[in-house]
Amino acid sequence: MQVPMTPNRILKRAGKLYSNKTAVVDGNVRMTYAEVQKRAWQVYHAIGKTSIAPGGRVALLDYNTYRYFEMYFGMALTNQVLLPLNIRLSPSEYTYILNNAEAEILIFHADFKPVIEKIRTDLKTIRHFYVAEGDADADWITGTYEALVENASADPVASKTEDENDILNLYYTSGTTGNPKGVMLTHRNIYANAMTTIIAFKLADSTVWHHIAPLFHLADAFFIWSVTYQGGRHIMQRQFEPGNVLKTIQTEGVTAAMMVPTMINFLLNVPDLDSYDLSSLQWIMVGGAPMSPANAQRMMARLGCQYISGYGLTETCPLLTVGNIKDTLLHLPEEQQVKYLTRTGLEVPGVDLKVVDTDGHEVPWDGQSVGEIIVRGDNVMKGYWNLPEETDKAIRNGYFFTGDLATVDDEGYVLIVDRAKDIIISGGENISSVEIENAIYMHPDVLECAVIAMPDEQWGEVPKAIVVLKPDGTVTEQALKDFCRENLARFKVPKTIEFMKELPKTGSGKILKTELRKLSSQS
């Protein structure tokens, strides 16, 4: 017997076995699994009433709210696609993504009404605008999200998914080409990753998961499915504010969460940290950027929980490795164990991971030889949206090539040492250096530019731009930053802009970013 692998099966189990248990907490909103199941059925019927095409895209621009919870599962019942949107983008970026995806419905929190109003006439395919936690007080707004869902039938439905390889979610991620690329994830991808996550993190019905990292990112969203499958509880943190995070951990008895190092640093620097009761917290998955062994030990000592590293990509739904300690290594001194904990980790069940050289041969497990991480598994994406050539570049010979360079030690622990792609990871956000360069090149005074990552104590990395002006160019650093803010999200604007007379290049004229990184580290 073959049953389609779809997240519909996940909520069905939780609703069956844990119907009266609190499933999600979002401020004053508390819903049981039975109530979430009902809302998911209403989402299904509500989307059906809008008459969008099979496979049509429904975009969601929201904080970490209960709406994400019910939309992720409600959309799994339909034959349409959910498109989560980063809340930190610029108007032009929203325009590009929504038009590229040919989205038909946009659901947005009222806080984002000004930006949507600014771009709505440029959105070529959006037919319905629904506002959440606000009034439909403009003629271009179709209605409110709550009215859409509440007025829909709550009749039980079975999934319309016949093919588990149908696209369920479409995530846009920064790419080396400048424009973001849409990653197509299927029902099968998401279901398989949920099973992998349960095993890798030993999730149980006692798990109380704190959604601190944004749910428009897979870095946290993949726990929506895995925690639900086991009947755990979900706690929504709408925005990251250190004091509120600590208070929520204390009041809701949070047992686990995912955070990027920047978030952890903020928590550790809260002046009255010791006044909070964090005894319920068992572990934090640290992802998005590496953390040093010393900082990991500091985190465990101050927060009283276990550090677990996790690595993955949007294209892999996302989990690839987890830094669990093998039982054969538990006899080692704590300092040595922490070194294993803070490595990229061991491949998780369901994933076939290799580190290969340029000839495609696996590198020796010596902790020194560097190669590229390639993977295959049920979690690997269907491809990039409307980019078949990019898909063929990424998936070759049955493996997805991550672009991440790593070593493997004699125990099989992977350690990322560099990124082949020019992606800057700032506070857990992926930033394309090419995208920033394209924005800078739009200024009439700029002749050449290159963007590299610069170490930053607070954010891990921040963008730094090196610019060559035209002979008559007079733009200042501040003026160029202001120019960038008009075309980029604020977190993508270079923190530092350095002016040079010329950029180092190869014989063919390619800018040598390796040389710029060396020069930057010396300055």
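Here "buried" means under 20% relative accessible area, "exposed" means over 50%, and "partly exposed" is in between (1.4 Å probe, protein chains only). This is a predicted model, where local features need pLDDT of at least 70, side-chain atom pairs count only at pLDDT 80 or more, and totals for chains, interfaces and linings use all residues. Residues are numbered from 1 along each chain as its sequence is written, and side-chain values use heavy atoms, leaving out hydrogens and water.

**View 1. Arginine 57 pairs up with glutamate 102 in a salt bridge.** A salt bridge puts a side-chain nitrogen of Lys or Arg within 4 Å of a carboxyl oxygen of Asp or Glu. Here the closest N and O atoms are 3.7 Å apart. Arginine 57 sits in strand S3 and glutamate 102 in the loop between helix H4 and strand S5, so the pair ties together parts 45 residues apart in sequence. Helices (H or I, at least four residues) and strands (E, at least two) are DSSP runs, numbered from the N terminus. Arginine 57 is buried at 10% relative accessibility, while glutamate 102 is partly exposed at 41%.

**View 2. Glutamate 164 meets arginine 188.** Their salt bridge spans 2.5 Å, N to O. Glutamate 164 is buried at 10%; arginine 188 is partly exposed at 22%.

**View 3. Arginine 376 and aspartate 352 join two strands.** Arginine 376 belongs to S18 and aspartate 352 to S17, 24 residues apart. Their side chains meet at 2.9 Å, N to O, in a salt bridge. Arginine 376 is partly exposed at 44%, and so is aspartate 352 at 24%.
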